[in-house]
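Good morning, and thank you for coming.

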Amino acid sequence: MKLSLKPLRDQVIVITGAGSGIGAATARMAGERGAKVVLAGRQEEALARIVEEVIRGGGAAVSVVADVGIEADHQRILDHAIQSYGRVDTWVNNAGVSIYGSLEQVPIEDQRKLFDTDYWGVVYGSLTAVRHMKQSGGALINVGSEVSDRAIPLQGTYSAAKHAVKGFTDALRMELKEEKAPISVTLIKPASVATGFTVHARNYMDVEPDLPPPVYAAETVADAILHAAQHPTRDLFVGSASRAIATLGQNVPSLADRMSGWLYRHQRGEAPAAGGSDSLYTAGGEHSAVQRRGRRHSVYTQMVTHPRSSLATTAILSGAVLWALSRRGR
């Protein structure tokens with residue numbers, strides 16, 4: 001069964017975790033491209049600010065305060081979308097939070113809470129969206145991570161939750177295909193992204209958390225999400241680093257294990273841990289975690305999502321490699 005998705009200008013898009021980071025960037029971009037956007041998150045003021053930005057940019061947007069870890073809140077999100085715009089065409093499960101620290105350090109209570117948001121939030125949102133879109137069709141987009149395929153140290157619980165999201169998403173996709181449901185199911189797998197991720201994370205390390213390079217801008221992920229909203233896509237890696245980590249972990253796991261020292265170093269900032277709040281249990285998150293500027297473009301993701309427009313780029317890169325090899329052989 002060939003799936004067909006609407007252009008963005010004809011879509012109503014629900015985005016969870018829309019008050020900041022990837023969710024906010026996706027909302028702004030979707031609004032600029034003509035979509036009607038429903039923003040969901042825990043911070044009313046942050047959501048209101050993004051709604052204003054979308055409207056100032058010429059788009060249409062509404063918001064609903066909701067906690068994705070609460071099953072009933074997803075029905076409220078759907079009801080608000082239907083009351084505002086009559087339907088939902090794309091549902092993006094983006095909300096998430098992390099914890100830095102060894103698995104022995106992190107209390108089980110905190111690990112369970114992370115799963116409430118990062119795993120059960122995706123499950124609740126997916127099932128709510130699927131029930132609505134089975135007749136009209138649409139796109140379900142779950143935001144996983146480069147750690148959906150390959151776990152990393154110091155974020156073990158986050159890695160486990162993103163593995164679980166991948167398993168759930170893959171199983172749901174197969175079941176919907178068997179039912180011939182007109183729903184595209186995509187898992188987005190970003191590399192490190194320059195958002196408030198480290199600020200919102202709970203930290204059990206003795207230093208402030210950091211992100212392993214390369215780090216991409218939230219808009220790079222938003223581009224990928226909105227591509228999947230219009231073009232049925234199974235998996236979409238954002239950044240060549242994400243693709244490389246997954247490939248290495250799947251094909252040469254012992255070598256990937258030996259990279260743990262590098263991953264330890266690059267997740268530990270230089271400044272001593274200063275304490276502060278996080279977003280694990282309540283909205284917000286304020287401490288002095290390392291902030292980085294992100295790359296706005298990924299050649300790899302551009303080539304995957306726009307193969308025709310990237311043909312010339314591929315030819316130029318290939319020509320450059322051949323020229324370099326020929327020069328080297330002289």
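Is Lys 6 buried, partly exposed or exposed? Lys 6 is partly exposed, because its relative accessible area is 35% and that class lies between the limits of 20% and 50%. Please keep in mind that we are looking at a predicted model.

Let me turn to the partner of Lys 6. The side chain of Lys 6 meets that of Asp 89 in a salt bridge, with 2.9 Å from N to O. This pair links distant parts of the chain, 83 residues apart: Lys 6 lies in the segment before β1 (12-16), and Asp 89 in the loop between α3 (71-85) and β4 (90-93). Asp 89 has a relative accessibility of 7% and therefore counts as buried.

Next, consider strand β4. Strand β4 pairs in the parallel sense with β1, over three bridges; here Thr 90 is the bridge partner of Ile 13. Strand β4 also pairs with β6 (residues 138-143), again in the parallel sense, over four bridges. In that pairing, Leu 140 of β6 stands opposite Trp 91.

I now return to the charged residues. How many salt bridges does a search of the whole structure find? The search finds 16. As a general point, side chains of opposite charge can pair when their charged atoms come close.

A second example joins Arg 234 and Asp 170, whose closest N and O atoms are 3.7 Å apart. Arg 234 is partly exposed at 47% relative accessible area, whereas Asp 170 is buried at 11%. Both residues belong to a network of salt bridges, which also includes Asp 149, Lys 166, Arg 173, Lys 189 and Asp 235.

Arg 268 belongs to strand β13 (residues 268-272), and Asp 206 to the loop between β9 (202-203) and β10 (207-209), 62 residues apart. Arg 268 is partly exposed, at 33%, and Asp 206 is exposed, at 54%.

How values were computed. Residues are numbered from 1 along each chain as its sequence is written. This is a predicted model: local features need pLDDT of at least 70, side-chain atom pairs count only at pLDDT 80 or more; totals for chains, interfaces and linings use all residues. Side-chain values use heavy atoms; hydrogens and water are left out. A salt bridge is a side-chain nitrogen of Lys or Arg within 4 Å of a carboxyl oxygen of Asp or Glu. Helices (H or I, at least four residues) and strands (E, at least two) are DSSP runs, numbered from the N terminus. Buried means under 20% relative accessible area, exposed over 50%, partly exposed in between (1.4 Å probe, protein chains only). Two strands pair if DSSP finds at least two bridges between them.
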